[in-house]
Amino acid sequence: MNFGRRAAAAALGLMTPSIAWAQAAPTADSGDTAWILTASALVLMMTIPGLGLFYGGLVRARNVLSVIMHSFVILCAISLLWVVGGYSLVFGPGSPYLGNLGQAMLANMAELRQGLTISETVFALFQMTFAIITPALVIGAFVERVRFGWVVAFSTLWTLLVYVPIARWVWGGGWLASEYGTLDFAGGIVVHTTAGVAALIVASMLGSRKGFNKSLLAPHSPALTMVGAGLLWVGWFGFNGGSALAAGDGAAKAILNTHLAASTAALVWILIERIRIGKATSIGIVTGAIAGLATVTPAAGYVGPIGAIALGLIGSSLCFAMVQVVKLKWQIDDSLDVFAVHGVGGIVGSLLMPVFFATSLGGVGFSEGVTLVSQLKAQAMGVGVTAGWTALMTVIAAWGVARIIPMRVDEEAEHDGLDLHSHGERGWELD
C-alpha cells in the first residue's frame, strides 16, 4: 500500500468513524506471478518437446517415436498424480517425512503461499513441472527395449515412492532440510540425483540392448538432438530462475549462473573430445552443456559467476569420465548416459556448492552458525540418503510392476523397433 492510498484511507476513517480500521492483507504480486507462470511453461517445454527431441535424436530411427511418446505419456500421468495427491504429500501439512492428503485435488489452497508473493495454485503448478520431468529423465536409460505399459506404470509408482518423499524431505519442510540443513536450490538432489540413480538401477535390471559394446548403436539424428538440447537450455532458465520464486535479482543471478555453467561445460567437453579423438562432435557439445546445467542446478541461486564457471568445468570433466566408466568398465547400458550426466552432475554440484558460498567469490555466504565443514556434511547427508532411498525404492517399483507387465520386449520387437511394435506407427515415413 503506497503513501497516497494510506492518506486516502486515513481521511476516509476520519470522515466515517463507523468503518473499522484494519491493515490490508498481503496480496500476490502480479510481476512475480507472471514470472512463475512463464517459468512453469519453460520447464514444461523441457519435457515436451525438449527432452523428447533430445532423446529422440540419440536413438535409432526405428525408435524415435517411442521415446517421444514416453515423455508425452509421463507428462500426462504425472500431472494427474500431482493433482490427486502428489502436491499434498510433498507440500501439505503433515510430518517431516510425508504430508497428509488434506490438499488432495488441490483443495484448501491458500490465496498466498506462505512466505511468498504468489498464490499457492501458482506454486503448485510450478512444482508440478519438476515432478513431471524427473521420471521423464529416467527413460533415457532404457530406450529401444522396454515395454510401453511398463514405462507408464513404473514412472507413476516411482514418482510416489521416490520423488514424493525426497521432495518432501528437501523442499517440503522435511527432515533433511530442517534437521540437517541440506540445500538444493533447483533439483540437484531432488531431480538429478534421483533420476540418475534410478536410471543406473533400471538399466542394470533390464539388461543391455542387442549389440551393446559390440556394434555401433549410433544416434540417428544429431541435428534433432541439438534442437532438443537448445530447448532444454532455454527451458532451464525457467527451471533454475523460476526456483527463486520471484521476479527479481535472485532469478537473474540463477539464470546467469545457469548460462555460464552450461557454456563452460560445453566447451570443456568438446576440448576433451578434441584431445582424445581428434574431433569436436555435435553430440559432445550438447552433452557437455547438459552436464553443466545439471551440475549448477543445486547451486544456481547460492553461488556467483566464479562458482558457476568452476562447477561447469568440474562437472563436465567428471561426467565425461563417468560415461566411459559406466559403459566400458561397468558394462551397463545406460543408453543415453542419464546417470553419468544427470546423476553425476547433480551429485557433484550438490556436494561442491558450499565451496563457492564465500561472498568473496560472489556467493551468498554462510548463514549464522553454519561453516563450510558443517554444510559439506549436510550436503553429503542429503545426497547419501537420497541415493540409498532411490536405489531401494527403484528396485521395488521396477520389480513390482514387472510382476504384472514384463519390463522388456522380445527380440523380434527390439529388432523391428518400438515405433511399430508398441505404437503401430513410424517416426519417419520416407517413402
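Start by selecting helix 2 (30-58), helix 9 (249-277), helix 10 (282-296), helix 11 (305-329) and helix 12 (338-352): each of them gives at least two residues to the lining of the largest pocket. Keep in mind as you look around that this is a predicted model. Helix 11 supplies the largest share of that lining, with five residues.

Next, show the pocket itself, which holds about 970 Å³ of space. Its lining has 31 residues, and those nearest the centre are P219, I283, V323, K327 and D337. Colour the lining by class and you will find 17 nonpolar, eight polar and six charged residues.

Now zoom in on D337, in the loop between helix 11 and helix 12. This residue is not a glycine, yet its phi is positive, at about 60 degrees. D337 counts as buried because its relative accessibility is 15%, under the 20% cut-off.

In the loop between helix 11 and helix 12, also pick Q331. Here too is a positive phi in a residue other than glycine, near 55 degrees. Q331 is partly exposed, with a relative accessible area of 44%.

Go back to helix 2 and select P49. The peptide bond between I48 and P49 is cis, with omega at about 10 degrees.

For the last stop, move to the second largest pocket, with about 470 Å³ of space. Select F91, R113, F123, W171 and L245, the closest to its centre among 24 lining residues. Helix 4 (residues 120-138) provides the largest share of this lining, five residues. By class, the lining of the second largest pocket has 13 nonpolar, eight polar and three charged residues.

How values were computed. Residues are numbered from 1 along each chain as its sequence is written. This is a predicted model: local features need pLDDT of at least 70, side-chain atom pairs count only at pLDDT 80 or more; totals for chains, interfaces and linings use all residues. Side-chain values use heavy atoms; hydrogens and water are left out. On a 1 Å grid over the protein atoms alone, a cavity is a set of points where a 1.4 Å probe fits but cannot get out, and a pocket is an open set with protein on both sides within 12 Å along at least five of seven lines; lining residues have an atom within 4 Å of a point. Grid points are joined across faces, edges and corners, and a volume is the space filled by probe spheres set on the points. Helices (H or I, at least four residues) and strands (E, at least two) are DSSP runs, numbered from the N terminus. Ala, Val, Leu, Ile, Met, Phe, Trp, Tyr, Cys and Pro count as nonpolar, Asp, Glu, Lys and Arg as charged, and the others, Gly among them, as polar. Buried means under 20% relative accessible area, exposed over 50%, partly exposed in between (1.4 Å probe, protein chains only).
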